[in-house]
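Colleague: I am new to reading structures. Can we go through this one together, step by step?
Modeller: Gladly. Ask away once it is on the screen.

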Amino acid sequence: MNQGDGCLRFDEELTAYLEGEDRPAVLRHAESCEFCRCVLADLEMVRSVSAESGIDEPSPVVWANVRAVLVAEGIIHPPLSFWQRWFPLKSRGLIGSPAPFAAAAVLAIAAVVLLWAPFVSNLSRTHSPTVGIRPAVLAERYTANAATTNQAWQTIQQLEQAYYANESSMEPSLKATYAKSLASLNDEIRECQTSMQQQPQNTLTQEYLSSAYMQKAQLLQSALEYNLR
Amino acid sequence: MNIEHRWLAVLLILFSPAVVWAGGPPQQSDTFYTSRTPHISVTNMTGTVVIQGWEKPQVHAVYMIASPRIEVDKDKVPPRGQVEKVELATHLLDSQLQGQNARVNYTLDVPVGSSLEIRNPQGIVRIERIEGDTWVETVGGEIDIVDTSGDIVAHSVGGLIQIIRPSGPVEASSVTGNLSFVSPSSGRIRASTTSGKILYRGNMAASGEYVMSSYNGDIDILCPPSASFDLNARSVRGKLINDLQLTQRSHHPSVSSYGNSLFGTHNRGAATLELTSFSGSIRIEPEPHQ
C-alpha cells in the first residue's frame, strides 16, 4: 500500500476511530505518516479539552465541522465532500478562495462549542439555587464565568471578521438575510449584557445571552460555509 | 439568398437555443419507480420546491429551469427494480449565475410514505401530505408544511415557517422569521425565534409538550376553551397576558428571578406549555369562533 492509499484509508476510518471503534489501521498509519499524525493529534487534543471541560463527548456536529475544515484545506480527501453534494459546481466563484476563512470559522465554532459548554452548564447549575443566594455570590459567579465568556467572545469576533471579509462576495439577497439576522442577534446580545449588569441574578437573561452567542456563531458559520458552495 | 436558404435561416432562428429559452423556462421531467417509503433529497439554490404525497410508489419530478447553463443532477437509476433513494440537485454550469437566472422550480409528486431532505436557501418550500420524516432548511425562503405525520425539522434564517395540521413531533427555528402552527395534533412542538413572532393556534394533545421561545417577538397562543395544559410562562421584560381561566400557582408580575412569570393550570393540565421571551409579549387567549 502506498502512502496515498494509507492516507485515504486513514481518512475513511478516522471518524469511526474517534467514536471509539477499534481501528488499528489509523494508529498504524499515523506512526508512519507525519501529516496524518498531526491531524490525529489535533483531533485528540480537541477531544481531551472537551473531556476536561466536563463534556462527555463533543457533539457529532463538532466532529463534522472539524472534518469539514480538513476537507476544505485539502488535508483529507473524501470520495465526495458534503459541499460537493450540496452544490456540484466546484468554482461557484463567489469568492476566490473561501476555504481558509471557512476553515478558521469551523475551528472557531468548535472552540465556541467547547468553551461555551461549561459556561452553559454552569448556568444550568446556578439556575435553581439562585433564589436566596446573595447577589454578591452571584456576581462572583458571573465574574468567574466572564473569563470563559471573554474567550468565546474573542472566537466569535474572529468568525465575524472572516464573515465581513467575505460579505461582499455573497449573493445580495442572502447577504441581506444574514445581515438582518446578525443585527437582530447583536441587539439581543447587547441588551442581554446590559440587563446582566443590572440584574446578574436573572437566570433567564443568562440563558438568552448564552443562546444568542451560540446562535451568532452558528449563523456566521452558516454564512461562511455558504461561500464554499 | 434563394428561397431554400431563407427557409433554412428561418428554421435556424426558430430552433436556436436563445429563442427556445426566450419563450420561457423549459420544463423537464423524470419518473422514478420507488418503494413506498423512499428517501427524497432536493438541493436547490433559488426557486420553489413543491412536494406533494400521492399513493403511487413512484416519484414524478418536474423541473422548470431558468437558464440553459443549469442542470438538474440526479442519481443514476438502476434499469430494473425500485429505488430507495432519489437525490436531485441543482448544478450551476456557470459560476456567474445569480438570483432569478439561477432559478429552478421543482414540483414533485412522491409516495406519501417518503422521507424528505430539502435545502433551498433562497426559495419557498411547500410540502403537503407526507407521512415520513421531513427535514427542511432555507436561508431566506418561506417553509410551508401541510398535513404531515412524520417528524418535522424546519430551519430558516429569515423565512417564515408555517406548519399546518402536523401530527408528528415538530422542531422549528428561525432567527428573524415568524413561526406559525395551525391546528396541530402533534404531541411535541419546539419552536424558537429571535425577532420573529410565534403563533400557535389549536388544541394540545394530552401529555403533549409545547416549548416556545422568542427574544423580542410576541408569542400568541390561541386555543379552544377545552384545551388542557399546565402553563409555565416567563419573560424578562415582556408582558404576560392571559385571557383563559387558569388555576394559578403563582404570579409575580415584577419581582422574581426571571422578571415576569405566570404558572397555572388550565382544565386538568394534561399537556405542558412552556413559553419564554425576553421582551416580547406572551398572550394566551381563547381561539375565536370560526
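Colleague: Start with strands. In which sense do β11(B) and strand β13 of chain B pair, and over how many bridges?
Modeller: Keep in mind that this is a predicted model. Strand β13 covers residues 170-174 of chain B. β11(B) pairs with β13(B) in the parallel sense, and the count of bridges is five.

Colleague: Which residue of β13(B) does B:I152 stand opposite?
Modeller: Look along the parallel pair β11(B) and β13(B). Facing B:I152 there is B:V170.

Colleague: Which residue of β11(B) is the bridge partner of B:T134?
Modeller: Strand β9 of chain B, residues 134-138, is joined to β11(B) by five bridges, and the two run parallel. The partner of B:T134 in β11(B) is B:I152.

Colleague: Why is β11(B) described as largely enclosed by the rest of the structure?
Modeller: Strand β11 spans residues 152-156 of chain B and has five residues. A residue is buried if 20 or more other C-beta atoms lie within 10 Å of its own. β11(B) is largely enclosed because the number of its residues that are buried is four of the five.

Colleague: Which residues form the covered face of strand β16 of chain B?
Modeller: β16(B) covers residues 198-201. Its uncovered face holds B:L199 and B:R201. The covered face holds B:I198 and B:Y200.

Colleague: What is the bridge partner of B:V49 in β8(B)?
Modeller: Strand β2 has residues 49-54 of chain B, and strand β8 has residues 125-130. They pair in the parallel sense over four bridges. B:V49 has as its partner B:V125.

Colleague: Which residue of β10(B) does B:E128 stand opposite?
Modeller: β8(B) is also joined to strand β10 of chain B, residues 143-148. Five bridges do this, and the strands run parallel. Across from B:E128 is B:V146.

Colleague: How many helices and strands does chain B have?
Modeller: Chain B has 290 residues, and 43% of them count as buried. Its secondary structure comes to two helices and 24 strands.

Colleague: How many helices and strands does chain A have?
Modeller: Chain A has 229 residues, of which 37% are buried. From the N terminus on, its elements run α-α-α-α-α-α-α-α-α. The totals are nine helices and zero strands.

Colleague: Are α8(A) and α9(A) roughly parallel or roughly antiparallel?
Modeller: Helix α8 covers residues 172-198 of chain A, and helix α9 covers residues 203-226. Their axes come within 9 Å and cross at roughly 160°. Angles over 145 degrees count as roughly antiparallel. The two helices are therefore roughly antiparallel.

Colleague: What is the handedness of the crossing of α8(A) and α9(A)?
Modeller: Residues in this contact include A:L182 and A:L185 of α8(A), and A:L209 and A:A212 of α9(A). By class, the contact has 14 nonpolar, six polar and two charged residues. The crossing is left-handed.

Colleague: Which element gives the largest share of the side of chain A that touches chain B?
Modeller: The contact takes 28 residues from chain A and 28 residues from chain B. On the side of chain A, the elements that give two or more residues are α8 and α9. The largest share is ten residues, and it comes from α8(A).

Colleague: Is A:Y208 buried or exposed?
Modeller: A:Y208 lies in helix α9 of chain A. Leaving out residues up to four places away in sequence, A:Y208 touches A:E188, A:C192, B:Y215 and B:F278. A:Y208 has 25 C-beta neighbours inside 10 Å, so A:Y208 counts as buried.

Note on methods. Residues are numbered from 1 along each chain as its sequence is written. Chains are lettered from A and ligands numbered from 1 in the order in which they are written. This is a predicted model: local features need pLDDT of at least 70, side-chain atom pairs count only at pLDDT 80 or more; totals for chains, interfaces and linings use all residues. Axes are lines fitted to C-alpha atoms, for helices over the stretch in contact, and angles run from 0 to 180 degrees between N-to-C directions. Angles under 35 degrees count as roughly parallel, over 145 as roughly antiparallel, 65 to 115 as roughly perpendicular and the rest as oblique. A crossing is left-handed if the near helix is turned anticlockwise from the far one by less than a right angle, and right-handed if clockwise. Two residues are in contact if their C-beta atoms, placed from the backbone, lie within 7 Å. Ala, Val, Leu, Ile, Met, Phe, Trp, Tyr, Cys and Pro count as nonpolar, Asp, Glu, Lys and Arg as charged, and the others, Gly among them, as polar. A residue is buried if 20 or more other C-beta atoms lie within 10 Å of its own, exposed if 12 or fewer, and partly exposed in between; C-beta atoms are placed from the backbone. Two strands pair if DSSP finds at least two bridges between them.
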